[in-house]
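Biologist: I have a structure on screen and want to learn how to read it. Can you walk me through it?

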Amino acid sequence: MGKIKKYTLSLAFGLVPLIVAAQGDAYLSSYRQTWLLSRNAAGLDAAPFEFANTAQLLYSHQDGDYHLMQQPQTDSQFSFDTQGAASIGKIRLWGSFEYDNHHSSGSRYNTLLYDPFDENYIYNVADTTSSDFNRQSYSMAFKAAAPLGRSLHLGLSMLYRDRISAKQNDPRSESVSYLVNLAPSIVYSFSSRSSLGLALGYGHGLERSVPTLSNSSQMQNVFVLKGLGNYVEDMVGSGGINIMYYTTDRAEASVQYSIDNASLHFLSEALYTLSHTALREDYSQPRDIGSSSVNDLQLNSYLVLERERSLHRLALKALLRITEGTEFSTKQVTGVGWQVVSKAIMSRYNTLQADLRYDCFLTEGDSYRWQFSSGLDYTLKDDEYLSPQSEFSYSAVGAQVQARRQFLLGSSSLAWIGTSARVRKALGSLYSYSGVRSESRVVKEWYPHDLSIYASDYLTLALDLGYSHTLKEGISLGVKASAKYLASSSAGSRCFIDAGVFLEF
Amino acid sequence: MKKVIVSTLLALAALFLLPSCNKDVIRFFDLEIALDESDFADGVPSPDSYTVTFTNTNTGEVTEFETQTKSVSVDQLLEGVYDVVATARYSLYNYLGTAKAVVISSSDALTSLKIKASKSSSLVFKEVFYSCSRTPSNAMYLKDNFFEVYNNGSEAVYVDGLCIATTSNYSSSSINFADENGYMVDTEGNATYMKADDYVVLNGIIWQIPGDGKTYLLNPGESFVIASYATDHTAEDKNPNSIDLSSAEFETVCDNYITNGQVDNPDSDNMILLNPAQATITKQYMPSVLNAGFILFAPSAPVENATLVANYASGKVSGTYTPVLRSDVLDGINWVKNSTALGWLPEDIDAGKTFVSGTYVNESIVRVKEGSSEAGDPVYKDTNNSANDFEVSTKPEIRRDTKKASWAK
């Protein structure tokens with residue numbers, strides 16, 4: 001694993017000195033690059049290769065009562081990300097690096113995991129202690145594309161992600177994880193400037209979570225979660241739960257259809273991903289607890305129309321996710337250890353999300369003066385636990401509008417100010433539980449709280465500002481900041497601010 | 001609208017979940033289990049009814065049935081691994097049938113349960129405080145555990161020579177006391193020709209009540225207390241959150257404990273320390289606050305002279321243990337950390353398990369009262385299934401509803 005990490009780092013950072021000419025307005029440029037949004041790296045060779053290279057350092061902070069139980073009351077984050085592209089001969093390269101450092105406080109019901117909302121980890125461990133959590137994440141992505149003859153293009157994309165988290169109060173934990181994903185791809189270009197692509201991918205990941213105590217004399221009760229209020233009691237401390245290993249394997253396949261010419265960029269992608277995560281406790285006396293299978297079917301389409309003084313973009317994204325949780329019945333056999341004697345799919349979680357967004361830029365050269373955006377989205381969640389029968393569901397629609405004005409300040413500086421509003425309307429929600437844990441805090445506190453978050457309507461108002469100065473041709477340095485306030489109908493409010501510096505080159 | 005969306009969703013789901021069809025589906029089974037009384041000796045009556053429990057060993061969930069017939073019908077039991085226990089009490093007898101870790105994966109996975117009848121022991125653990133407590137400054141306080149033994153019968157009993165001890169963990173996959181012929185092996189690996197199923201092996205030291213055989217008479221309705229440290233633990237220099245055990249009839253004290261600060265209480269008789277296996281003597285007597293199999297037994301032969309045996313898991317000889325005849329065991333309790341932890345004792349000593357809410361939580365386990373004798377003394381439940389026989393008290397108390405022992409000072 002160390003070798004993979006080393007090579008990935010070398011590739012990601014190796015791109016930086018290769019980066020060449022400035023690409024104009026990075027923000028606007030990103031809207032044209034439809035292939036980069038797909039899983040197909042070969043597409044980089046099938047369309048105009050115009051990338052803006054960027055780097056930014058951001059500080060973000062959020063605070064407020066409007067949060068799910070496993071989300072923090074307050075969260076502070078430092079992040080750095082950079083991305084760039086280059087051509088070496090006929091090979092086109094793109095790479096990115098991201099680093100995030102979170103410090104959060106006031107989250108509960110997550111003892112072990114970096115991301116308890118990932119449905120690959122539905123078998124989690126929870127406790128009722130309000131705790132601080134520290135998290136760090138490194139992510140490196142790399143794409144390469146090259147022509148193979150006149151119409152064929154080959155590509156390869158690679159992702160490496162390394163994460164570590166540490167819960168700060170007993171029962172505490174330290175969790176480390178990695179994920180590697182490789183996806184070779186191919187694109188066939190027709191003479192009409194349209195292209196058809198295919199990408200296949202395989203990924204492997206591991207999260208190792210070590211439950212510990214600072215005060216070893218005080219054992220801590222925890223819930224080994226099975227879903228929707230069903231759990232098994234256990235403890236952290238001597239004789240309690242052991243190290244948890246989540247092993248993930250994922251396979252993906254996607255097809256793309258694209259049209260690219262001077263005034264039109266269109267890409268439509270259908271992507272299927274199957275991700276299987278198995279949970280095993282303690283490698284010395286291993287006990288298989290369960291597994292989850294996350295099936296994602298995504299349909300993403302982007303249409304970009306360029307006119308002489310405007311650019312229009314329509315984006316439609318849809319996700320259908322079906323997650324199955326399989327529980328294992330195990331038996332301890334003398335001289336052998338824990339044996340799995342039966343498996344049963346006990347959970348089925350369904351998610352449907354659809355998001356339609358329209359952006360209009362009034363342009364001037366490579367830049368824009370006005371941006372107007374609007375969007376509609378729909379979410380449906382319908383989760384079921386089979387026995388004892390339990391259900392958690394909600395649905396909601398949202399709409400948003402945004403406007404941004406960019407000003408030229410002299411010949412080498414520009415500034416912008418923007419504002420946006422979003423409203424979400426909950427359509428319905430339900431939590432029902434029919435098991436023997438009906439008086440537990442999981443059932444009486446956690447799920448009702450989270451349902452109240454999902455079931456509340458809210459309005460957000462946001463403002464963003466920025467300034468950038470061209471240091472020399474093709475290199476700009478800027479600062480930006482934004483603030484957002486969310487007010488919900490019945491579940492409190494939340495504030496978000498962020499500020500940072502950025503570089504385009 | 002939602003129904004249309006959900007229907008569409010499920011249709012799509014059916015399409016792309018096709019490969020996963022017909023595997024790992026949830027399954028339920030109907031069972032008909034005969035309660036087999038064919039091993040009853042002549043004169044042993046058949047009980048009026050049985051309580052049959054199915055404990056899912058993976059989830060800890062318990063499904064309980066009452067039956068007035070000699071079989072139990074179960075509808076739609078979820079596939080899994082279960083401990084099945086049938087208990088009854090009638091006249092002077094306890095009735096017990098157990099099947100441990102049964103894999104319920106078909107309707108005929110368990111069709112019969114052999115029931116054994118045994119005369120009730122009059123001496124039982126009435127209350128056990130093993131979880132210990134915390135001081136006002138939240139430090140753990142380890143010295144205040146106690147064991148209260150009660151005469152639950154109708155005859156007076158001399159308790160001289162009775163012993164208490166912790167057993168080995170019979171649920172551990174790395175513990176096995178039987179060789180290929182079912183005999184225990186000694187510490188050299190030689191067959192002892194002692195049948196493993198006739199014995200329960202002890203792990204560590206043993207405490208024995210002193211006396212010449214007619215020193216300590218326990219009448220019906222009376223109880224006595226064995227304290228690890230017979231002192232007033234609520235004293236300021238100890239733990240005001242704890243309990244006064246200065247009136248305990250017996251305490252577990254030895255030279256090593258005194259060296260480490262325990263003060264011998266002259267009003268409490270000292271238990272005799274037996275250590276045939278040469279176990280390490282710690283600073284104080286404190287059975288596990290998490291998991292233990294704990295027994296009260298009346299040795300039919302001197303414990304000191306027992307042939308010591310070894311663990312023979314995977315054919316390898318390890319450890320030194322003291323065997324005790326199961327027929328000498330008067331009472332036994334599995335206390336465990338939570339509902340899914342496995343009990344330590346063989347199921348014919350305790351077919352269930354009991355647990356408190358955590359460690360150092362100042363909670364005790366108390367035997368459930370099921371009635372009163374003609375003399376008006378409490379009669380406590382004793383089905384050899386601690387899951388049924390005990391409940392948790394958040395206030396440990398000695399001699400709750402019982403009389404002091406006849407010799408008590």
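**Two domains in chain B**

Modeller: In chain B, the centres of domain 1 and domain 2 are 31 Å apart, taken over C-alpha atoms. Keep in mind that this is a predicted model.

Biologist: Where do the two domains of chain B run?

Modeller: The domain assignment puts domain 1 of chain B at 2–119 and domain 2 of chain B at 123–404. Their contact takes 11 residues from domain 1 of chain B and 11 residues from domain 2 of chain B.

Biologist: Which strands supply the domain 1 side?

Modeller: β5 (80–90) and β6 (93–104) of chain B each supply at least two residues of that side. β6(B) has the largest share, with four residues. By class, this side of domain 1 of chain B has two nonpolar, seven polar and two charged residues.

Biologist: Now the chain pair. How many residues of chain A are in contact with chain B?

Modeller: Contact here means C-beta atoms within 7 Å. By that test, 39 residues of chain A meet 39 residues of chain B. Elements giving two or more residues to the chain A side include β10 (230–236) and β13 (287–307) of chain A. β15(A) gives the most, nine residues. The chain A side has 17 nonpolar, 17 polar and five charged residues.

Biologist: And the overall form of chain A?

Modeller: Compare its radius of gyration with the globule rule. A compact globule of 505 residues would have a radius near 23 Å; chain A has 24 Å, which agrees. Its C-alpha trace spans about 70 × 50 × 40 Å along the principal axes. Chain A holds three helices and 21 strands.

Biologist: What share of chain A counts as buried?

Modeller: 38% of its 505 residues.

Definitions and conventions. Residues are numbered from 1 along each chain as its sequence is written. Chains are lettered from A and ligands numbered from 1 in the order in which they are written. This is a predicted model: local features need pLDDT of at least 70, side-chain atom pairs count only at pLDDT 80 or more; totals for chains, interfaces and linings use all residues. Two residues are in contact if their C-beta atoms, placed from the backbone, lie within 7 Å. Ala, Val, Leu, Ile, Met, Phe, Trp, Tyr, Cys and Pro count as nonpolar, Asp, Glu, Lys and Arg as charged, and the others, Gly among them, as polar. The radius of gyration is taken over C-alpha atoms; the globule rule is 2.2 Å times the number of residues to the power 0.38. A residue is buried if 20 or more other C-beta atoms lie within 10 Å of its own, exposed if 12 or fewer, and partly exposed in between; C-beta atoms are placed from the backbone. Domain bounds come from an automatic or database domain assignment.
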